[in-house]
Amino acid sequence: MYDCHIHSDFSIDSKYLMEEMVLEAINKNMKSICFTDHIDFDVTENRIDIDFRPKDYFKKIKQVKYKYMDKIEILTGVEIGMQPQLYTRYDKFINNNPFDFVIMSLHTIDRKDIHGDNFTYNKKPIEALNIYYDTLYHIVKNYENYDVLGHLDYIDRYFESFSQIPEFKKYAALVEDILKLVIRKDKGIEINTAGVKYGLGYYHPKIEILKLYKELGGEIITVGSDAHCPEFIGYEYREVEKLLRELGFKYIYIFKGRKKFPIHIG
Ligand SMILES: [Zn+2]
Ligand SMILES: [Zn+2]
């Protein structure tokens with residue numbers, strides 16, 4: 001099993017040490033995991049940075065990597081919270097650090113946190129989706145120093161009620177434009193299993209988007225639980241493999257040194 005999206009206490013929203021996460025991953029017989037702790041520059045109206053000190057991060061991860069190297073592969077990654085004003089800044093940050101893997105996510109729009117600032121509230125649901133996918137299109141069009149797009153339909157989690165989420169066909173064209181760009185630029189998407197944990201009943205992205213990705217010729221997919229605690233490492237990994245096989249995918253991918261490696265899933 002592979003988990004390319006986990007957090008540790010280098011993320012503001014996790015309190016678990018890397019070693020605790022690693023021990024549970026070994027316990028679950030995982031073959032490879034990648035820590036993708038959060039960097040969210042320039043969030044909130046006070047324009048604060050939510051980040052970690054890369055020096056400390058790499059020092060710690062090196063320690064656990066070598067301590068457990070005969071039991072599990074531990075990869076270094078980051079989940080960047082992108083906004084259109086941050087391209088140069090993230091570019092510099094990523095180029096200065098030897099990450100294996102970079103997930104680009106959209107957590108914040110106009111310095112409003114989609115989750116914490118209730119971005120979807122007081123907007124018509126389709127209007128909120130239009131803004132979200134327009135922003136995502138903009139960042140995918142203009143930024144390339146990443147490997148996969150994180151939890152593509154993340155916004156679904158944050159409607160006041162899930163019953164407000166518009167039907168996919170009402171915004172499928174927007175998603176299609178994003179996927180075409182991702183594919184053309186040789187980037188990938190992730191399947192993030194946390195959607196199920198949040199009660200949505202599906203992974204990010206939802207099955208319609210995965211089918212569309214396949215139809216358009218998309219192949220690069222990583223699998224991640226987005227675990228912020230040991231319990232959820234590898235969450236639903238086998239189910240994802242099964243789903244991907246049913247949809248006609250033959251491989252998932254992991255990234256090392258920013259290069260993709262296919263893993264055959266039968
Ligand atoms: Zn995220
Ligand atoms: Zn995450």
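I take helices (H or I, at least four residues) and strands (E, at least two) as DSSP runs, numbered from the N terminus. I note that this is a predicted model, in which local features need pLDDT of at least 70, side-chain atom pairs count only at pLDDT 80 or more, and totals for chains, interfaces and linings use all residues. Residues are numbered from 1 along each chain as its sequence is written, while chains are lettered from A and ligands numbered from 1 in the order in which they are written.

**Entry: helix α1**

I looked up what follows α1 and found N29, whose phi is positive, near 65°. I call a residue buried if 20 or more other C-beta atoms lie within 10 Å of its own, exposed if 12 or fewer, and partly exposed in between, with C-beta atoms placed from the backbone. In α1 (residues 18-27), I list M18, M21, V22, E24 and A25 as buried. Seen down the helix axis, these buried residues of α1 fall within an arc of 165°, so they line one face; the arc is that of the directions from the helix axis to the C-beta atoms. I find them packed against β1 (2-6), β2 (32-43), α2 (54-67) and β4 (73-81), where contact means C-beta atoms, placed from the backbone, within 7 Å.

**Entry: strand β4 and its partners**

I checked the burial of β4: eight of its nine residues are buried, so the strand is largely enclosed by the rest of the structure. I count two strands as paired if DSSP finds at least two bridges between them. β2 and β4 run parallel and are joined by eight bridges, with H38 bridged to E79 in β4. β4 also runs parallel to β5 (residues 101-105), through five bridges, and G77 stands opposite F101 in β5.

**Entry: helix α4**

I looked up the span of α4 (residues 125-142): its 18 residues reach 26 Å from first C-alpha to last, close to the 26 Å expected at 1.5 Å a residue. The expected span is 1.5 Å times one less than the number of residues. A128, L129, Y132, Y133, L136 and V140 are buried in α4. Down the axis of α4 they fall within an arc of 120°, so they line one face of the helix. I find E127 and N142 exposed on the face turned away from the buried side. The buried residues of α4 pack against β6 (108-109), β8 (148-149) and α5 (172-184).

**Entry: nonpolar core**

I define a nonpolar core as a set of buried Ala, Val, Leu, Ile, Met, Phe, Trp, Tyr and Cys residues joined through C-beta atoms within 7 Å. The largest has 64 residues, and I33, I80, F101, V102, I221 and V223 have the most contacts inside it. Its largest share, six residues, comes from α4. Neighbours within four places in sequence aside, I221 is in contact with G188, I189, E190, I191, L244, F249, I252 and Y253.

**Entry: hairpin and loop**

I examined β11 (residues 251-256) and β12 (residues 259-264), which pair in the antiparallel sense over six bridges. They form a hairpin with two residues between them, and G257 in the turn has a positive phi of about 55°. I254 has F261 in β12 as its bridge partner. I located E231 in the loop between β10 (221-224) and α8 (237-246); E231 is exposed, with 11 other C-beta atoms within 10 Å.

**Entry: whole protein**

Of the 266 residues, 39% count as buried.

Terms used: Two residues are in contact if their C-beta atoms, placed from the backbone, lie within 7 Å.
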